[in-house]
Amino acid sequence: MTNKLWVFNSHTESFSALVWEFAKFMFARVVSLGIDYACMFLFINAIGWSNMVAKILTQIVIIVANYAFSKFIIFKNKPTD
């Protein structure tokens with residue numbers, strides 16, 4: 001709700017639009033989870049970094065990805081006439 005109302009100033013016109021927005025939000029978070037797992041695997045198993053370094057870098061990637069998903073896909077500004 002904070003992302004919707006205060007960060008991205010998103011206001012939906014109907015209940016179906018709200019449900020669609022929520023579905024996109026949940027899907028983006030599942031994709032973020034996949035990115036998290038992939039980055040951790042890559043950083044620890046493929047590159048050999050320590051768990052702590054891998055987690056810190058992965059969290060930076062996830063924060064950027066979640067912001068991009070929210071700004072450009074979920075709560076993108078709709079053109080006004």
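**Exercise 1. Find the contacts of W49, leaving out residues up to four places away in sequence.**

Solution. W49 touches F43, I44 and L57. Contact here means heavy atoms within 4.5 Å. Now place the residue: W49 sits in the loop between α2 and α3. Then check its cover. The relative accessible area of W49 is 36%, so W49 is partly exposed. (Buried means under 20% relative accessible area, exposed over 50%, partly exposed in between, with a 1.4 Å probe and protein chains only.)

The model is predicted: local features need pLDDT of at least 70, side-chain atom pairs count only at pLDDT 80 or more, and totals for chains, interfaces and linings use all residues. Residues are numbered from 1 along each chain as its sequence is written, and side-chain values use heavy atoms, without hydrogens and water.

**Exercise 2. Describe the fold of the chain along the sequence.**

Solution. Count the elements: three helices and zero strands. (Helices are DSSP runs of H or I with at least four residues, strands runs of E with at least two, numbered from the N terminus.) Read in order, the pattern is α-α-α. Of the 81 residues, 23% count as buried.

**Exercise 3. Work out how α2 and α3 are arranged.**

Solution. Start with the axes, which are lines fitted to C-alpha atoms over the stretch in contact, with angles from 0 to 180 degrees between N-to-C directions. Those of α2 (residues 15-46) and α3 (residues 51-74) come within 9 Å and cross at roughly 155°. Therefore α2 is roughly antiparallel to α3. (Angles under 35 degrees count as roughly parallel, over 145 as roughly antiparallel, 65 to 115 as roughly perpendicular and the rest as oblique.)
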